[in-house]
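Thanks for coming, everyone. I'd like to walk you through a structure today, starting with a quick question to get us going.

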Amino acid sequence: MVPLNLHDAITALTTSFDFVGIDEVQHGKRVGYMARTVAQALGWSDERCWNLLHAGMLHDCGVSRVREHRHLTETLEWDGEEEHCIRGAAYLQACPILAHFTDIVRYHHTRWATLETMPELDPAMKLEANLVYLVDRADVLLAPWMDGGHLNNAIMWEKDAIVARLQGLAGTLFCPELVDAFVRVAESEAFWLGMDPLYLNEEMESLGRNIPPVCLSAPELRELALMFSRVVDAKSPYTDDHSRRVALISRHLAEVMGRDRETLDMIELAGLLHDMGKLRVPDEIIEKAGELTREERAWISRHSYDTYRILARIFPATPIPDWAGAHHENLLGLGYPFRRTAGEIDLETRIISVADIFQALLQDRPYRARLSGDEVMSRIRALVADGRLDRDVVATLQCELAVCLDLAAGEDALGERFPAIAA
């Protein structure tokens, strides 16, 4: 069992979702903050208010692509907005510790006029989903006053126009009772100023200190990590299933090399999460067929450090952040982001590095077609000869090549460990 502060984990996850917007940061935190504040004004229970905070922070978990994020944050309504609701709900439904947010996320872009005609849905949930919709759209209207990571002072007099716009949508997009409650809390300058990035981060950290950690079993942790990996792998068809397959290969190699059960569980988690930081990389770079520019290479080069920082919030007392964040280090000290030398790179990191390269070479990428098994091993042996990859890990990969090829590209092995979800 591993202790986990669920609030900190959700905060870290929503930070990674913010990466998708590139320059639209803290959207999930602001939505959660506003949802909780309005729920408190409505006199809802503490448990319900906490749920609204976290549901608001998770509401965009179905968004992996920058283009989709821009559509959602540049207009109040968009024809394709339901797709990310369905995906996000499927991700949450497959993760038991977060499954209770499923319906809120599924319906958080459904008009109130439509929700009212759906008697099969729980009435309380309909209000919660519509509240997330209301404050989500409030944040879209607030966006022009978020200036370079700071809240523009002009919000003091612009807030009334935001409120008026939302009032005009009461009864159609939003429940009138919820709009009335929003109007009451929005009268206060403190409500808006509380969304200044510095104060918002302080608020989230303070709230986390009031929540006792929960102890999760290895399967529960795997399901949480698997949800994260699904969001990352959905960023591009060229990265589909990559994280899950790297996790499988890493675990298998570690097992053959005699690592204990606890280490196997943790290396699998690190493999699932090793590319979290790629959510920050613009889609056009991930999918570029030609040579990357210097600026584009910089985006790619920072993703492993972003991974490290996200995971350090979720798993602070484990080696998972270090193993995942260092997967682009190499034994010559020429890797990134830490420039570690061979003596500073432990076996688990070496295993994930080999698994990552092996699996990636077996996938189609925009700049090359997938390679054959023989071609992949030829390239990997060249990296060993060059002194970049661990000789013992690669020797183990060679001995287990048939199994690892199946884990890297076969459907049965993936489905057995990580069943597909309908999204």
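So, is Cys61 buried or exposed? Cys61 is buried, with a relative accessible area of 0%. When I say buried, I mean under 20% relative accessible area; exposed is over 50%, and partly exposed is in between, using a 1.4 Å probe and the protein chains only.

Before I go on, a word on where this comes from. This is a predicted model, so local features need pLDDT of at least 70 and side-chain atom pairs count only at pLDDT 80 or more, while totals for chains, interfaces and linings use all residues. Residues are numbered from 1 along each chain as its sequence is written, and side-chain values use heavy atoms, with hydrogens and water left out.

Let's stay with the cysteines for a moment. A disulfide is a covalent bond between the sulfur atoms of two cysteines. The cut-off here is a pair of cysteine sulfur atoms within 2.5 Å, and by that rule the count is zero disulfides.

Now the overall picture. The protein has 23 helices and four strands; these are DSSP runs numbered from the N terminus, with helices being H or I of at least four residues and strands being E of at least two. Of its 423 residues, 57% count as buried. The protein exposes about 17,600 Å², and carbon and sulfur atoms supply 50% of that; areas come from the Shrake-Rupley method with a 1.4 Å probe, and for residues only the protein chains shown count as cover. As for contacts, meaning heavy atoms within 4.5 Å, take the ones between residues at least 6 apart in sequence: 71% of them join residues at least 24 apart.

His7 lies in helix 1, residues 6-20, and is buried at 0% relative accessibility. Leaving aside neighbours within four places in sequence, His7 is in contact with several residues, including Trp50, His54 and Met204.

Further along, look at Ala326 in the loop between helix 18 (320-325) and helix 19 (347-361). Ala326 is buried, with a relative accessible area of 0%, and its C-alpha is 6.8 Å from that of Ser304, 22 residues apart along the chain. Not counting residues up to four places away, Ala326 touches Phe338, Arg340, Thr349 and Ser353. Tyr308 sits in helix 17, residues 294-314, and is partly exposed at 25% relative accessibility.

Next, helix 14, residues 242-256. Helix 14 is followed by Gly258, whose phi is positive, near 85°.

That brings us to the charges. A search of the whole structure finds 17 salt bridges, each being a side-chain nitrogen of Lys or Arg within 4 Å of a carboxyl oxygen of Asp or Glu. One of them joins the side chains of Arg48 and Glu128, at 2.6 Å from N to O. Arg48 lies in helix 3 (residues 46-58) and Glu128 in helix 8 (residues 123-142), so this pair ties together parts that are 80 residues apart in sequence. Glu128 is buried, with a relative accessible area of 12%.

Another salt bridge links Arg251 and Asp265, at 2.9 Å from N to O. Arg251 is in helix 14 and Asp265 in helix 15 (residues 261-273), so the pair ties together parts 14 residues apart in sequence. Arg251 is buried at 13% relative accessibility, and Asp265 is buried at 17%. Asp265 also forms a salt bridge with Arg261, the closest N and O atoms being 3.5 Å apart. Arg261 is exposed, with a relative accessible area of 59%. Salt bridges that share partners join Arg251, Arg261, Asp265 and Glu268 into one network.
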